[in-house]
Amino acid sequence: MVLQTQEPILAAYTSKKVNIQTFGCQMNEYDTDKMMEVLRQENYIYTDDCKEADLIIVNTCSVREKAEQKVYSLLGRLRPLKERNPDLIIGVGGCVAQQEGTRILNRAHSVDLVFGTDNLFDLPGMLEEVHRGNRIVQTERKAHKQKVRNFIPDFAFENTSKPGLKSYIAITKGCNNFCSFCIVPTTRGLEVSRKPENIMEEAVALVAQGAKELCLLGQNVNSYKAGGVDFVELLVRLNEIEGLERIRFTSPHPKDFHEQLAEAIENLEHVCEHLHLPLQAGSDSVLDRMKRNYTLQEYLEKVEMLRRRLPQVAISTDIIVGFPGESDVDFERTVKAVETIRFDQIYAFKYSPRPGTPAVDYDGQLEESVKSDRLNRLLALQEKIVAQKHQQLMGEVLEVLVEGTYPRDIRSRSGRSRGHYPVVILNSDANIGDLVTVRITGTKKYSLEALSLQ
Ligand code: SF4
């Protein structure tokens with residue numbers, strides 16, 4: 001991920017430069033924003049170019065394939081920079097750092113600093129130690145042992161989001177679900193929800209600084225509950241914020257997706273008509289071994305319930321292909337589910353064994369070639385569905401939040417619809433942050449073309 005920061009030009013003469021390389025989910029992007037905010041206080045400015053950085057941080061993710069190998073190979077590529085500039089500090093944060101700890105220092109001698117997901121606010125102190133010549137590992141968990149679901153650790157969520165047109169707010173952290181393929185409950189700890197008043201305060205501040213869209217983040221965002229406020233009530237409160245145009249959230253767990261939330265998406269003006277609802281597999285036996293706590297039928301019923309209320313809702317999902325023991329028949333059930341549900345977008349991945357998760361030891365681990373074939377088949381199917389969905393949107397009137405100038409044509413603007421479709425508004429002089437009503441006039445493979453109606 002490339003962090004966009006706008007810093008005063010003068011600062012370049014006095015500040016140190018940091019480059020952060022972020023892997024993984026939006027939670028990690030959010031953590032990167034928080035690191036950046038902490039480091040700004042230490043007079044660091046952001047650079048896209050790791051060659052000119054005084055500090056490089058690799059913010060790691062261990063959810064997807066071969067995460068450690070990727071991190072170690074990136075660290076290997078960074079080593080020559082350290083050899084050329086011994087003052088360069090290299091840090092590793094995020095889930096792999098949490099899991100691997102000192103092993104990273106032992107294996108990658110160019111690394112000065114390893115810190116866990118709860119320790120990023122201690123970066124200034126850790127950097128001071130590194131400047132004193134020490135190599136640091138700091139991965140202790142801070143709220144992890146609390147089993148009370150609504151325990152609210154103030155330190156865990158500080159008001160440090162990077163303000164922007166689209167801003168993110170973490171409302172829960174950790175997860176209690178223990179899906180058999182996922183390391184998150186181990187690396188990020190059990191679920192804790194943040195105080196509603198803190199979330200509101202941060203949301204109001206972000207909107208005052210120019211945010212038009214807020215995305216609420218959590219591993220299982222819809223199980224939020226704190227101070228007598230549940231997720232729906234939180235949406236109701238956020239919906240009242242003056243100047244906030246759009247609210248999104250990711251990712252809700254299907255087992256906690258209820259009629260009240262569907263009603264909120266339908267009725268709350270600023271909550272976008274878009275739901276990312278991870279399905280993971282279309283076979284009940286695979287879902288059972290994944291420990292997902294729902295059946296395909298239950299998932300289908302929830303999708304139908306939402307579509308009955310809100311026919312235009314866009315639904316995206318995550319799917320894992322090649323889970324241990326996934327037979328041809330199981331995979332066909334996933335294909336059938338995708339054909340039936342017709343998602344607007346799919347994030348599909350090949351199963352990759354994560355050390356420390358139960359599924360690593362499951363029988364029936366599949367060949368890479370089988371996983372690749374299944375993934376390709378699923379992606380080809382989804383490509384067709386998206387092309388058809390794009391065609392159905394021809395002539396529709398949509399609202400687009402303008403996010404920037406379209407890079408390939410400076411006379412055009414790019415943005416997203418409320419359903420999260422990328423839209424290019426042709427020949428438009430709209431400003432960033434404008435909400436523009438458009439008519440869809442064309443389709444491309446990954447985006448829609450439109451003309452402004454204003
Ligand atoms: S719900 Fe499952 S996949 Fe999602 S973070 Fe929790 S354990 Fe991981």
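This report walks through a few parts of the structure above, from its domains to one strand, the ligand shell and the nonpolar cores.

Please keep in mind that the model is predicted: local features need pLDDT of at least 70, side-chain atom pairs count only at pLDDT 80 or more, and totals for chains, interfaces and linings use all residues. Residue numbers start from 1 along each chain as its sequence is written.

**Domains**

The chain is divided into four parts, listed here, with bounds from an automatic or database domain assignment.

| Domain | Residues |
|---|---|
| domain 1 | 11-138 |
| domain 2 | 152-272 |
| domain 3 | 278-392 |
| domain 4 | 397-452 |

Taken over C-alpha atoms, the centres of domain 2 and domain 4 are 27 Å apart. Seven residues of domain 2 are in contact with six of domain 4 (in contact means that C-beta atoms, placed from the backbone, lie within 7 Å). On the domain 2 side, these residues comprise two nonpolar, one polar and four charged. Here Ala, Val, Leu, Ile, Met, Phe, Trp, Tyr, Cys and Pro count as nonpolar, Asp, Glu, Lys and Arg as charged, and the others, Gly among them, as polar.

**A strand covered on both faces**

Strands (E, at least two residues) and helices (H or I, at least four) are DSSP runs, numbered from the N terminus. Why is strand 4 largely enclosed by the rest of the structure? Five of its five residues, 89-93, are buried, so the strand is largely enclosed. A residue is buried if 20 or more other C-beta atoms, placed from the backbone, lie within 10 Å of its own, exposed if 12 or fewer, and partly exposed in between. Ile89, Gly91 and Gly93 are buried on one side of strand 4, and Ile90 and Val92 on the other.

Strands pair if DSSP finds at least two bridges between them. Strand 3 (residues 55-60) runs parallel to strand 4 and is joined to it by five bridges, with Leu55 opposite Ile89. Strand 5 (residues 113-115) is also parallel to strand 4, through two bridges, and Val114 stands opposite Val92.

**Ligand and cores**

Residues around the ligand (C-beta atom within 6 Å) include Cys175, Phe178, Asn220 and His253. This shell holds six nonpolar, four polar and no charged residues.

A nonpolar core is a set of buried Ala, Val, Leu, Ile, Met, Phe, Trp, Tyr and Cys residues joined through C-beta atoms within 7 Å. In the largest one, of 94 residues, Ile169, Ile171 and Leu217 touch the most other members. A second, separate core has 13 residues, including Val400 and Tyr421.

Note on methods. Two residues are in contact if their C-beta atoms, placed from the backbone, lie within 7 Å.
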